[in-house]
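Work through the exercises below with the sequence and the model side by side. Try each task before reading its solution.

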Amino acid sequence: MSSINIFKQFYKSLYSPKDIASFRVQGIGKTILYVFLLSLLSVLPTIYYTNSTMKEAVVVTEETIKEDLPEFKIENGVLTSSEDQPITINKGKFSIIFDATGVMDVDNVSKTGDTLALLQTEMVLSSGGEANSVPYSMMAMDPITKQDIITFIEGSDTAMAFILPIFSILIFLFSSGLDFIEISILALIGILLKNIVRKDLKYRHLWRMTAYSVTLPTVFFTIMGLFQTHVPFGSLINWFVSLTILLLAIQEVPNSNNESTSST
């Protein structure tokens with residue numbers, strides 16, 4: 001089993017709990033590599049749509065800030081302006097939201113499609129149903145005026161060649177971290193499941209099996225992401241399917257006495 005190709009493991013993990021059960025004894029390094037592979041797959045739609053949106057945002061934002069937004073200042077991490085209500089400007093499929101009042105938040109922006117939002121305490125970029133925010137307090141300059149941002153955007157074409165890859169790597173690393181946490185939690189639940197079906201498995205075995213059990217829901221939600229389709233109760237569905245596959249895989253593990261008999 002140790003010689004099986006990682007992509008063949010990916011294929012078998014889509015449909016075969018029996019094969020997932022057999023992966024429990026492989027090296028942890030190969031399993032960790034597999035988790036990174038799944039993480040990369042899962043973030044491809046987000047990276048693609050985010051990069052596309054950021055490129056479009058640069059062009060649209062420069063034009064909009066110059067012509068449509070009021071004078072403003074970002075100081076001590078807070079956006080201030082004389083405008084006393086949110087402004088939404090639609091530019092084709094892309095929108096820009098300006099809100100110095102605090103009415104809008106990240107959740108509101110994530111429901112608006114492809115959007116760049118300058119909110120009271122943070123800048124938010126929403127694309128493909130995913131919203132990524134950057135607090136103004138993390139920005140090096142303080143204060144920042146409307147003219148400062150215009151000047152920055154005018155010189156950002158070259159910077160984008162460096163910013164987009166770095167941003168994509170950060171998305172991947174963040175997603176990978178969440179995936180490792182999710183797998184670890186599901187493997188803990190797997191301890192309960194293996195006790196119910198009375199299988200002699202250690203946590204390390206369950207962790208490896210869980211890493212492969214999440215393959216099917218990962219592929220499903222990646223496809224939904226490519227088509228920018230929102231799945232209601234997505235997290236619950238993801239965990240339910242993963243745990244169901246894990247349980248089926250646990251049931252495929254031979255009992256200890258069977259393993260000892262077959263080894264003799």
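**Exercise 1.** In which helix is Ser-39 found? Determine its burial and its contacts.

*Solution.* The model is predicted: local features need pLDDT of at least 70, side-chain atom pairs count only at pLDDT 80 or more, and totals for chains, interfaces and linings use all residues. Residues are numbered from 1 along each chain as its sequence is written, and side-chain values use heavy atoms, with hydrogens and water left out.

Step 1. Ser-39 is found in helix α3. Helices (H or I, at least four residues) and strands (E, at least two) are DSSP runs, numbered from the N terminus.

Step 2. Its relative accessible area is 0%, so Ser-39 is buried. Buried means under 20% relative accessible area, exposed over 50%, partly exposed in between (1.4 Å probe, protein chains only).

Step 3. Leave out residues up to four places away in sequence; Ser-39 then touches Phe-172, Ser-175, Ser-176 and Asp-179. Contact means heavy atoms within 4.5 Å.

**Exercise 2.** Work out the strand order of the open sheet and the helix that packs on it.

*Solution.* Step 1. The 5 strands run β3-β4-β5-β6-β7, with mixed pairing. Two strands pair if DSSP finds at least two bridges between them.

Step 2. Find the edges. β3 (87-91) and β7 (130-135) each have a single partner strand, so one side of each lacks a neighbour in the sheet. From one strand to the next, the twist averages 15 degrees.

Step 3. Place the helix. Helix α3 (residues 28-67) packs on the sheet and touches β3, β4, β5, β6 (122-127) and β7. The direction of α3 makes about 65 degrees with that of β4. Axes are lines fitted to C-alpha atoms, for helices over the stretch in contact; angles run from 0 to 180 degrees between N-to-C directions.

Step 4. Check the pairings. β4 (residues 94-98) and β5 (residues 114-118) are parallel over 5 bridges. Here Phe-94 stands opposite Asp-114. β3 and β4 are antiparallel over 5 bridges. Thr-88 faces Ile-97 in β4.

Step 5. Inspect the turn. The hairpin of β3 and β4 has 2 residues between the strands, and Gly-92 takes a positive phi near 65 degrees.

**Exercise 3.** Classify the ring pairs that involve Phe-180 with Phe-36 and with Trp-207.

*Solution.* Step 1. The structure holds 9 aromatic pairs. Rings of Phe, Tyr and Trp (its six-membered ring) pair if their centres lie within 6.5 Å; planes under 30 degrees apart count as stacked, over 60 as edge-to-face and the rest as tilted.

Step 2. Phe-36 and Phe-180 have ring centres 5.3 Å apart and planes at 65 degrees, so this pair is edge-to-face. Phe-36 lies in helix α3 and Phe-180 in helix α6 (residues 156-196), so the pair ties together parts 144 residues apart in sequence.

Step 3. For Phe-180 and Trp-207 the centres are 5.9 Å apart and the planes at 20 degrees, so the pair is stacked. Trp-207 sits in helix α7 (residues 203-213), 27 residues from Phe-180.

Step 4. Both Phe-180 and Trp-207 are buried. Phe-36 is partly exposed, at 32% relative accessibility. Ring pairs join Phe-36, Phe-172, Phe-180 and Trp-207 into a cluster.

**Exercise 4.** Identify the buried residues of helix α5 and how they are arranged.

*Solution.* Step 1. In α5 (residues 146-154), Lys-146, Ile-149, Ile-150 and Ile-153 are buried.

Step 2. Seen down the axis of α5, they fall within an arc of 100 degrees, so they line one face of the helix. The arc is that of the directions from the helix axis to the C-beta atoms.
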